[in-house]
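Try each task before you read its solution.

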Amino acid sequence: MAETLAQALRRATARLERAGVPAAEADAVQLAGHLLGLQRGEVAARAIIGADAPEGLDELVERRAAREPLQHIVGTAPFRRLAIQVGPGVFIPRPETELLVELLVERLREDQADGEARPVVVDLCTGSGAIAAAVADEVPHARVHAIELDPQALQWARRNLEGTRVDLREGDATHAPEDLRGRCAAVVSNPPYVPAREPITQPEVLEHDPAAALWGGGDDGMEMPRRIIAAAAQLLRPAGWCVLEHAESQAEDMQEQMRSSGFEQVQLHQDLTGRPRATSGVLA
């Protein structure tokens with residue numbers, strides 16, 4: 001007798017729980033949904049009516065139990081209104097990074113109301129291209145540029161930005177391109193910022209996210225953010241706006257660095273869990 005979907009989900013959840021996977025039940029459902037081409041609610045409905053389990057579920061569960069990221073297994077990571085393609089060699093976009101897009105979209109719409117018809121936006125350290133893709137999707141009047149140096153990340157960014165209006169450039173995000181200097185209405189970045197003093201313990205992050213996308217440099221992790229802020233100051237026009245993601249422990253350092261780099265109206269922003277997650281400022 002074939003195993004039912006409900007039985008398979010219970011067994012998958014138990015296996016993932018034994019492996020220490022957070023949100024084991026949700027991951028089991030998502031893996032089944034990936035194989036069935038169904039959303040979470042649809043998987044639950046199929047399980048209730050006694051549908052058969054999909055072939056290949058055990059294999060995917062074992063990969064997840066080995067702490068391979070769920071996003072690598074299903075091939076995408078949800079980000080705002082988009083499904084971002086991800087895999088080995090690129091940082092997986094996190095839900096908390098959506099805060100940067102939310103803040104930026106709000107700022108650009110305010111600027112549009114004030115008469116800025118075609119703002120220039122730069123995403124530094126674009127990685128998978130998630131932020132740039134989301135901004136282009138939600139603010140169609142913006143001229144969006146994205147910069148990435150790592151060759152593997154660049155390949156993923158090309159996939160995610162293909163068919164968009166985003167100008168993707170291969171280059172060092174800490175060096176402001178000459179043709180964009182002093183022209184930008186906004187700069188956004190989720191740079192490498194993990195402090196050396198805060199060791200990473202999650203296997204999904206430590207073993208699968210590229211080290212270059214994680215560690216910010218130095219005990220405080222601020223080496224890369226400082227260089228990104230300096231590049232942003234060169235890119236922005238007067239009264240241009242910049243926002244960066246950072247660790248909770250870096251909130252004070254980030255605000256101090258932005259002020260010393262010529263930014264005013266420096267503001268700390270909290271994520272949905274109430275943790276300091278991003279800092280913004282306006283170039284004087």
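The model is predicted, so local features need pLDDT of at least 70, side-chain atom pairs count only at pLDDT 80 or more, and totals for chains, interfaces and linings use all residues. Residues are numbered from 1 along each chain as its sequence is written, and side-chain values use heavy atoms, with hydrogens and water left out.

**Exercise 1.** State how many salt bridges the structure holds.

Solution. Start with the term. A salt bridge is a side-chain nitrogen of Lys or Arg within 4 Å of a carboxyl oxygen of Asp or Glu. Now give the count: the structure has 17 salt bridges.

**Exercise 2.** Describe the contact between E3 and R11, and class E3 by its accessibility.

Solution. Take the distance first. The N to O distance in this salt bridge is 2.8 Å. Next, recall the classes: buried is under 20% relative accessible area, exposed is over 50%, and partly exposed lies in between (1.4 Å probe, protein chains only). E3 has 29%, so E3 is partly exposed. R11 has 39% and is partly exposed.

**Exercise 3.** Find the salt-bridge partner of R169.

Solution. The partner is D167, with the closest N and O atoms 2.7 Å apart. R169 is at 21%, so R169 counts as partly exposed. D167, at 27%, is partly exposed.

**Exercise 4.** Are D271 and R277 buried or exposed?

Solution. First, the contact: D271 and R277 form a salt bridge, with the closest N and O atoms 3.2 Å apart. Both residues are buried. Elsewhere, shared partners link D27, R64, R67 and E204 into one salt-bridge network.
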